[in-house]
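Please open the structure in your viewer and follow the stops below in order. At each stop, select what is named and look at it before reading on.

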Amino acid sequence: MMKALPLLLASATALLAGTAHADSWSQIKDAAKQQAAQKAEEELNLPQAAPAGARVYLIEPKDGAVVTGPVHVVFGLSGMGVAPAGVNQPNTGHHHLLIDAPTIDFAAPLPATDQIKHFGGGQTETVLSLPPGQHKLQLVLGDWKHQPNNPALMSEQITITVKSQ
Ligand SMILES: [Cu+2]
């Protein structure tokens, strides 16, 4: 037993000095740092940065369209990726559809209401049942915790008319 000890120590020292150990230690540190940053971000409602040039837009329907319900709405995003809610990855977010211009608080996660629809599964389209008449539609991207980015990424607000059937 005692004879084996120096050998054991030698291999333990080699392991400690090895890059494999250094890699896993920095991975643990990175994970801890990310967890702490995520917690702070959540508690302080810190919006995630949006990269320059990122853009969110409505592909369908077009502004001024006169449609028969239900309304097929297609979301567009460039310069960023779509990720499900809860997934904290830089330069990603999920779509929110604002119906008939609700007031938005950019300093907090977006609530889920009849006028603020979340697409936390990472969806890029939906089918809306809207009553006949004029309606305003606008997209806003939210980060993993449903908060608009800084700067906020919003599409143009479009107006459509839903025909009565
Ligand atoms: Cu959301």
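Start by selecting N45, which sits in the loop between helix 2 (19-43) and strand 1 (55-60). Keep in mind that this is a predicted model. Most residues other than glycine have a negative phi. N45 counts as partly exposed because it has 13 C-beta neighbours inside 10 Å.

Next, select A101, in the loop between strand 5 (92-99) and strand 6 (116-118). A101 is not a glycine, yet it has a positive phi of about 55°. Is A101 buried, partly exposed or exposed? There are 13 C-beta neighbours inside 10 Å of A101, so it counts as partly exposed.

Now turn to two peptide bonds. Select G69 and P70 together; the bond from G69 to P70 is cis, with omega near -5°. P70 belongs to the loop between strand 2 (66-68) and strand 3 (71-78). Then select N150 and P151, which are also joined by a cis peptide bond, with omega about -5°. P151 is found in the loop between strand 8 and strand 9 (158-163). As background, most peptide bonds are trans.

Zoom out and colour the chain by secondary structure. How many helices and strands does the chain have? There are two helices and nine strands. Followed from the N terminus, the elements run α-α-β-β-β-β-β-β-β-β-β.

With the strands coloured, look at how some of them pair. Select strand 1 and strand 3: they run antiparallel and are joined by five bridges. Within this pair, find L58, which stands opposite F75 in strand 3.

Four bridges join strand 3 to strand 7, and the two run antiparallel. Here V71 stands opposite L128 in strand 7.

Move on to strand 9. Which way do strand 2 and strand 9 run, parallel or antiparallel? Strand 2 and strand 9 run parallel, with three bridges between them.

V140 is buried because 20 other C-beta atoms lie within 10 Å. Which residues is V140 in contact with, leaving aside its neighbours within four places in sequence? The contacts are H96, L98, I104, P148, A152, L153 and M154. Take A152 from that list and display the distance between the C-alpha atoms of V140 and A152: they are separated by 7.4 Å, with the two residues twelve apart along the chain.

For the last stop, show the whole chain. Buried residues make up 19% of its 165 residues. Among contacts in the chain with a separation of 6 or more, 67% are between residues 24 or more positions apart.

Terms used. Residues numbered from 1 in each chain as written. Predicted model: local features only at pLDDT ≥ 70, side-chain atom pairs only at ≥ 80, totals over all residues. Buried ≥ 20, exposed ≤ 12 C-beta atoms within 10 Å, placed from the backbone. Contact = placed C-beta atoms within 7 Å. Pairing = 2+ DSSP bridges.
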